[in-house]
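Notebook open, structure on screen. I'm jotting down what I look up as I go, starting with a single side chain.

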Amino acid sequence: MTVLHTEDLRKRYGQGEAAVDALAGVDLAVERGEFVSIVGTSGSGKSTMLHMLGGLDRPTGGKVYVEDKDIFALKDDELTIFRRRNIGFVFQAYNLVPVLNVYQNIVLPIELDGRQIDEGYVDQIVHTLGLESKLQNLPNQLSGGQQQRVAIARALATKPAILLADEPTGNLDSRTSQDVLALMRVTSEQFGQTIVMITHNEEIAQLAHRIIRIEDGRIVNR
């Protein structure tokens, strides 16, 4: 079942002769439970595409559907709520709240949304990511790899339709990167989580189920 798809997705920056097409008509479909890597060099349009897929920026043209919902047909406040409930994000910067411990960081988005925490599901995520002994630690008491695992747990805890990862291992050494990405694949398979990750690292991309290559704002290989 397709959980995410785009139709003729376009993004143009600037006007006239100075205009740059960061995305030039992207058609993409991602099935539920897939772990997809989007690979491209700097300036290829991959970060722009991730921002469009996550509703963080509006396209110049085209559509993005998440769970058959045309997300850009929503008003800004509606999109904010939809994004919080249906799209998880993992960035290169961990974006953890420094005064909250690991457990509090993981469940924060759920509490902000006023929803009941599924303790059993959170426990499963914590166990899968090997964070059981770190729940009372503050972020500054963790290594970079541990902080990124907390960020992944936080993104998964809301049970999003899709999880979007933007160069999630960019601040980690190669061995820790492999460990974190292996855990992301495990969570994809164990929880049936759909993951779309952008990276410039070909070796890391190989850990995904499918690799999509983008150049000059266009998909050239899927």
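R12 is partly exposed, with a relative accessible area of 46%. My scale for that: buried is under 20% relative accessible area, exposed is over 50%, and partly exposed lies in between, using a 1.4 Å probe and protein chains only. Before going further, I note that this is a predicted model, where local features need pLDDT of at least 70 and side-chain atom pairs count only at pLDDT 80 or more, while totals for chains, interfaces and linings use all residues. Residues are numbered from 1 along each chain as its sequence is written, and side-chain values use heavy atoms, with hydrogens and water left out.

**Entry 1: salt bridges**

What does R12 pair with? I find a salt bridge to D21, with the closest N and O atoms 2.7 Å apart. I count a salt bridge when a side-chain nitrogen of Lys or Arg is within 4 Å of a carboxyl oxygen of Asp or Glu. D21 is partly exposed too, at a relative accessible area of 38%.

Next I looked up E67, which forms a salt bridge with R32 at 2.8 Å between the closest N and O atoms. This pair links distant parts of the chain, 35 residues apart: E67 is in the loop between β4 and β5, and R32 is in the loop between β2 and β3 (35-39). I read E67 as partly exposed at 31% relative accessible area, and R32 as partly exposed at 38%.

Then I checked R115, whose salt bridge goes to D113, closest N and O atoms 2.9 Å apart. Are these two buried or exposed? R115 is partly exposed at 34%, whereas D113 is buried at 11%. I also noted that R84, R85, D113 and R115 are linked in a network of salt bridges. Searching the whole structure gave me 13 salt bridges.

**Entry 2: the four-stranded sheet**

I traced an open sheet of four strands in the order β2-β1-β4-β5, with antiparallel pairing. β2 (20-31) and β5 (69-70) are the edge strands, each with a single partner, so one side of each has no neighbour in the sheet. For the labels: helices (H or I, at least four residues) and strands (E, at least two) are DSSP runs numbered from the N terminus, and two strands pair if DSSP finds at least two bridges between them.

β1 (residues 2-13) and β4 (residues 61-66) run antiparallel and are joined by five bridges. In that pairing I see L4 opposite V66 of β4. β4 and β5 are also antiparallel, over two bridges, and the bridge partner of Y65 is D70 in β5. These two strands make a hairpin with two residues between them, and E67 in the turn has a positive phi of about 55°.

Which helix lies across this sheet's strands? I get α1 (residues 46-53), lying across β1, β2 and β4 and running at about 55° to β2. Angles here run from 0 to 180 degrees between N-to-C directions, with axes as lines fitted to C-alpha atoms, for helices over the stretch in contact.

**Entry 3: the six-stranded sheet**

The other sheet I looked up is open, with six strands in the order β6-β7-β8-β3-β9-β10 and mixed pairing. Its edges are β6 (87-91) and β10 (218-221), each with a single partner strand, so one side of each is left without a neighbour in the sheet. Neighbouring strands are turned by 25° against each other on average, direction ignored.

β3 and β8 (residues 194-199) run parallel, joined by five bridges. F35 stands opposite I195 in β8. Helix α2 (residues 76-86) packs on this sheet, touching β6 and β7 (162-166), with its direction at about 75° to that of β6. Contact means heavy atoms within 4.5 Å.

**Entry 4: a helix pair**

Last, I looked at α4 (residues 119-128) and α6 (residues 174-191), whose axes come within 10 Å and cross at roughly 145°. The contact is made by Y121, Q124, I125 and T128 of α4 and by L183, V186, T187, Q190 and F191 of α6.
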